[in-house]
Amino acid sequence: MNATVDLPLKPVSTLPGPKGWPLLGNFTQINFNEFHAQLERWADEYGDLYRFRLGPAEFLVSSDLDTINEILRERPHSFGRRVALERIFSELGFNGVFSSDDENWKRQRKIVITALNSSHLHQFYDSMRATTERLQRRWTRAAHTGETVDLCDDLMRYTVDVTTQLAFGIDFNTLETDGPIIQTHLDKVFPGLNRRLGSPIPYWRLFKLQQDRELDAAVAAIHTQVKEIVAQCRVRMRELPALSQEPTNFLEAMIAAQASEGLQFSDEDIVANMFTLLLAGEDTTANTLAWAIKYFIELPEEFQRVRREIDEVLGATQVPMTHQDLVRFRLVEAFANETMRLKPVAPLTVAESKHDLELAGYAVKPGTAVVLLNRRIALSARNFSNPETFALDRWLEKGNSDGRVHNARAFLPFGGGPRFCPGRNLALYEIKAVLAMFCRNFEAELVDPSREIEELFAFTMSPTNLFVRIRHRA
Ligand code: HEM
């Protein structure tokens, strides 16, 4: 990819792609609930670089390993997030580290990285263990009553409880609470965002449909809750001034930085980033866990292999007692990796060009969105042997010495480059802790095995119909 254009380059209009309509482009050919799968199917038909249109917006789609890695690395200079995304996030009042760009992004990123670094995670482990034990109690109850468990719902309660404790110092304890919870509002946000991002025109700025009113109401409810948390934190920090010197979580760090020179955050920034962490930390980790438990149910031999490792590491205990236990889980990590290779909750990334540049011999104008099909490269035989097979061993003996292909550059569940997911370590902690607790204590079966579990795309990719019955371990 070159910033300076010195060779005769082909116009992107000559790229292959599905034929669209005048004005609407390919809008009517896409079911946005399976956006990723449609783009993957078109890639099978049109190759590693093709184009499509949503109204006036031109999209290029790449499944070329080098191009994808290069674009991820070239942020924030040559590529950024979509300007449309930043605008939609701003309208909803959560333009934080995920959606912002350039200097604004840099100063927010710094503080998020610090809040989620390993030393904070180690100190936090006891709280996380207590939350894992709550989930264990919830599932013990379900095993006694035989009730149907909505796996994604339970796991989202877990991830919200963990994120809010770590990042805001607040314990919602949604795992042990009935009645309205913040997740019921959060659940509406990603599908709403997905709809708006796919819309060829921003009609909601002129009039609102029922779905827009619901999205606005959900966002308003979350804002109210988040603002209350900020107010409580300010009171705590006034009572304990030492917290300003040594903040113990992300929220305290942002409030403390508000006062410090050079790193000023507005009240809006604080609320936007709390919103961002809630959204970024909830669905992603919960859905990855849900996909992993689906594979536990489908692959009993692998399940038993993982269970043997967990039994060995945990000894007499029911959940991992320290963060060091998590480090010893090699098979659990392999299971998580294989789940994320086949069912990444972020199967694609969208980047927007910031200036004229060359991409694979084509002239790309500023403001062109390039969709990077991260999952497709992980499912290519060029990058992983027997790519469609769930194979734990590929993660245990990496490398190509025995003729197997294992290309780490094609495994991008957490993105890559300077905008790499800062929550990866936290996510892996949660995934390992919950999978270990599950294997050690429980088994599960689908309530209705005849209902297919499908991929639903709503900004992240989640499994549908994952209703299970949980039993105590035989
Ligand atoms: C399995 C769980 C998770 C997955 C698969 C995941 C995946 C991703 C991906 C693909 C991106 C975009 C990266 C890019 O543009 O290159 C991202 C960004 C981000 N994630 Fe995660 N994530 C997970 C969990 C978390 C958690 C637990 C948190 C924090 C509580 C978090 C916070 C963020 C933030 C703040 C960003 C924006 C980073 C930026 O733009 O600089 N994520 N994540």
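# Reading a pocket, a ligand site and a sheet

Me: Which element gives the largest share of the lining of the largest pocket?
Reply: A pocket is an open set of points on a 1 Å grid over the protein atoms alone, with protein on both sides within 12 Å along at least five of seven lines; lining residues have an atom within 4 Å of a point. Here H7 gives the largest share, six residues. The name comes from DSSP: helices (H or I, at least four residues) and strands (E, at least two) are runs numbered from the N terminus.

Me: What kind of model am I looking at?
Reply: The model is predicted: local features need pLDDT of at least 70 and side-chain atom pairs pLDDT 80 or more, while totals for chains, interfaces and linings use all residues. Numbering runs from 1 along each chain as its sequence is written, and side-chain values use heavy atoms, with hydrogens and water left out.

Me: What is the volume of the largest pocket?
Reply: A volume is the space filled by probe spheres set on the points, which are joined across faces, edges and corners. The largest pocket holds about 450 Å³. It is lined by 24 residues, and Met 156, Asp 187, Pro 191, Leu 456 and Ser 462 are the closest to its centre. Two or more lining residues come from each of helix H6 (151-168), helix H7 (182-198), H11, strand S11 (455-458) and strand S12 (460-463).

Me: How does that lining divide by class?
Reply: Ala, Val, Leu, Ile, Met, Phe, Trp, Tyr, Cys and Pro count as nonpolar; Asp, Glu, Lys and Arg are charged; the others, Gly among them, are polar. The lining of the largest pocket has twelve nonpolar, seven polar and five charged residues.

Me: How do S11 and S12 run, parallel or antiparallel?
Reply: Two strands pair if DSSP finds at least two bridges between them. S11 and S12 run antiparallel, with four bridges. Glu 455 has Pro 463 of S12 as its bridge partner. The two strands form a hairpin with one residue between them, and Phe 459 in the turn has a positive phi of about 75°.

Me: How many cavities of 30 Å³ or more are there?
Reply: A cavity is a set of points where a 1.4 Å probe fits but cannot get out. This structure has two of 30 Å³ or more. H15 has the largest share, three residues. By class, the lining of the second largest cavity divides into seven nonpolar, one polar and two charged.

Me: Which protein atom is a donor of the iron atom of the ligand?
Reply: Donors are N, O and S atoms within 2.8 Å of the metal (3.2 Å for Na, K and Ca). The only protein donor is SG of Cys 421, at 2.3 Å. Cys 421 sits in the loop between helix H16 (393-396) and helix H17 (424-441).

Me: What is the strand order in the open sheet?
Reply: Five strands run in the order S2-S3-S9-S6-S4, with mixed pairing. Strand S2 (49-54) and strand S4 (79-80) stand at the edges with a single partner strand each, so one side of each has no neighbour in the sheet. S2 joins strand S3 (residues 57-62) antiparallel through six bridges. They form a hairpin with two residues between them; Gly 55 in the turn has a positive phi of about 55°. S3 and strand S9 (residues 369-372) pair in the parallel sense over four bridges. Phe 59 stands opposite Phe 52, and also opposite Ala 369 in S9. S4 and strand S6 (residues 349-353) are antiparallel over two bridges. Gly 80 has Glu 352 of S6 as its bridge partner.

Me: Which peptide bond is cis?
Reply: Most peptide bonds are trans. The bond joining Arg 75 and Pro 76 is cis, with omega of about 5°. Pro 76 lies in the loop between helix H2 (65-73) and S4.
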